[in-house]
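Colleague: I would like a close look at one residue and then at the parts of the model around it. Please keep the account plain and give the cut-offs as you go.

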Amino acid sequence: MKPRLHCARLALFLCGCAAFLNLYATQSILQVFAAQFHISAKAAGWSITVTTLAVAITAPFVSRLTRRFEQRTVIAAAALLLAGPALMTAYADSFAEVLVWRFVEGMLIPVVFATSVAYIGDRWRGGTVTEVTSLYVAGTVLGGFAGRFVTGVVTEYVGWREAFEWLAVLSLMVGGFIQFLLPPNCPRAQQVKAASSGVWHKPLLAAYAVGFCVLFSQVAAFTYVGLYLGLPPFSLGPAALGTLYMVFLMALIVIPIAGRLSKARPHAELLSVAAVVGVCGSALTLLPSLWCIVVGLALSSTGVFLAQAAANAFTTASAGDNKAGAVGVYLTCYYLGGSCGAIAPALIWERWGWAGCVGLIIGFQLLTLLIALTGCKPLKPEPIPTP
């Protein structure tokens, strides 16, 4: 039994990798896209925005479309299918084609994400949900880093088209391992009367708001810091910017430990710690030193992933029977935040530069702290009527 549980946890870690491997893969090569397709770096940012928008649009419908199928099959199939649009991006002849295939990727990603988180909520109970969700989120950390790193390094030394071919191969490998390692869940009871039932009460609304703020700050930070560090006096190229995302690996260690330590603690406490860590990290990036910026980004990203783990666990714990539906709504808010984080700071960037962007990011991190302290409180169980 124990080896089977270990296989399930390893497979869920890989599910996180699959969900994030392709999502932000273009973040380290925006300047390359700008030069290749004769567009501005700001316009190249749409290669991220269309993907997060597709996730936001698709996520609420995942539970309706997939609930008749076995969860392992859904997750593995979606992970394998992600190789298709990655490969087609490699052969795109125009930036419009790149956007089309990036949008298709965004339609598949929430199938992996929502079904994986629902799988965790269906298989485990209590504080173990937080622990296993933290392991899943650690997988998203590795996937997000690997996508950016592979794309940046391969683009620098070979070319951006070859980089997306590598991503396609990695997607196939991860999807195959998920199918092999992830045990099937027990058959789910016919649940959820309607996709909207039980997903709009106050604690879940707070979790959705946290999701919006968390990804807004993450995408804003790592999109515009790439532009900032690409300018003098830093003048970093694609490979160096891809390597910069190694700061995510700190979260890879911290998050599973935090998830285990916080099993018996309220989710609001982990969210509050995450917000404070994020604010400290963002403030540190204002110092005109590359090492200070790197350390600040490491702290900021760790705070984001801690908040994501806590919000995911809180969502599944508060959603009752409609876990996949609640996770779908959470994902919509989460990725709408990411889409806004890629676009909204643009005007601030043009006028006030990196310092203005950091001020906006800290504002959203403080909003996360406020929501955690006031809104993320579990529902009290309804009294059982006596006969």
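Is A346 buried or exposed, judged by relative accessibility?

Modeller: A346 counts as buried because its relative accessibility is 8%, where buried means under 20% relative accessible area, exposed over 50% and partly exposed in between, with a 1.4 Å probe and protein chains only. This is a predicted model, in which local features need pLDDT of at least 70 and side-chain atom pairs count only at pLDDT 80 or more, while totals for chains, interfaces and linings use all residues. Residues are numbered from 1 along each chain as its sequence is written, and side-chain values use heavy atoms, with hydrogens and water left out.

A346 sits in helix 17, which covers residues 345-374; helices are DSSP runs of H or I with at least four residues, strands are E runs of at least two, and both are numbered from the N terminus. Setting aside residues up to four places away in sequence, A346 touches K42 and Y224, contact meaning heavy atoms within 4.5 Å. G45 is 301 residues from A346 along the chain, yet their C-alpha atoms are separated by 10.0 Å.

Helix 17 also holds Q365. Q365 counts as buried because its relative accessibility is 5%. With residues up to four places away again left out, the partners of Q365 are S217, A275, G278, V279, S282 and S300.

The next topic is the contact between domains. The domain assignment gives domain 1 as 1-184 and domain 2 as 198-377, and such bounds come from an automatic or database domain assignment. The C-alpha centres of domain 1 and domain 2 are 18 Å apart, and the contact takes 49 residues from domain 1 and 46 residues from domain 2. The size of an interface is often given as the accessible area lost when the parts come together. Here, about 4100 Å² is buried between domain 1 and domain 2, with carbon and sulfur atoms giving 73% of that area; the value is the accessible area (1.4 Å probe) that two parts lose on being put together, summed over both.

Between domain 1 and domain 2 there are 0 salt bridges, a salt bridge being a side-chain nitrogen of Lys or Arg within 4 Å of a carboxyl oxygen of Asp or Glu. The two domains have 5 residue pairs in polar contact, with both residues at pLDDT 80 or more. A polar contact is a pair of N or O atoms within 3.5 Å; within protein, one must be able to donate a hydrogen and the other to accept it, and residues adjacent in sequence count only if both atoms are side-chain atoms.

On the side of domain 1 that touches domain 2, the elements giving two or more residues include helix 3 (41-44), helix 4 (46-58), helix 8 (95-123) and helix 9 (127-157). Helix 9 supplies the largest share of that side, 20 residues. By class, the side of domain 1 that touches domain 2 has 29 nonpolar, 15 polar and 5 charged residues. Ala, Val, Leu, Ile, Met, Phe, Trp, Tyr, Cys and Pro count as nonpolar, Asp, Glu, Lys and Arg as charged, and the others, Gly among them, as polar.

T49 lies in helix 4 and counts as buried because its relative accessible area is 1%. Beyond residues up to four places away in sequence, T49 touches S339, A342 and I343. In helix 3, by contrast, A43 is partly exposed, with a relative accessible area of 26%. A43 and I75 are 32 residues apart along the chain, and their C-alpha atoms are separated by 32 Å.

The whole structure has 2 salt bridges. E105 pairs with R102, the closest N and O atoms being 3.0 Å apart. These two residues of helix 8 are separated by about one helical turn because they are 3 residues apart, and both E105 and R102 are buried. R72 pairs with E70 at a closest N to O distance of 3.9 Å; R72 is partly exposed at 22% relative accessibility, and E70 is partly exposed at 27%.

Some backbone details remain. P232 and P233 are joined by a cis peptide bond with omega of about 10°, and P233 is in the loop between helix 11 (202-229) and helix 12 (238-244). S235 is found in the loop between helix 11 and helix 12, with a positive phi near 50° in a residue other than glycine. H38, in the loop between helix 2 and helix 3, has a positive phi of about 55° although it is not a glycine. H38 is exposed, with a relative accessible area of 72%, whereas S235 is partly exposed at 46%.
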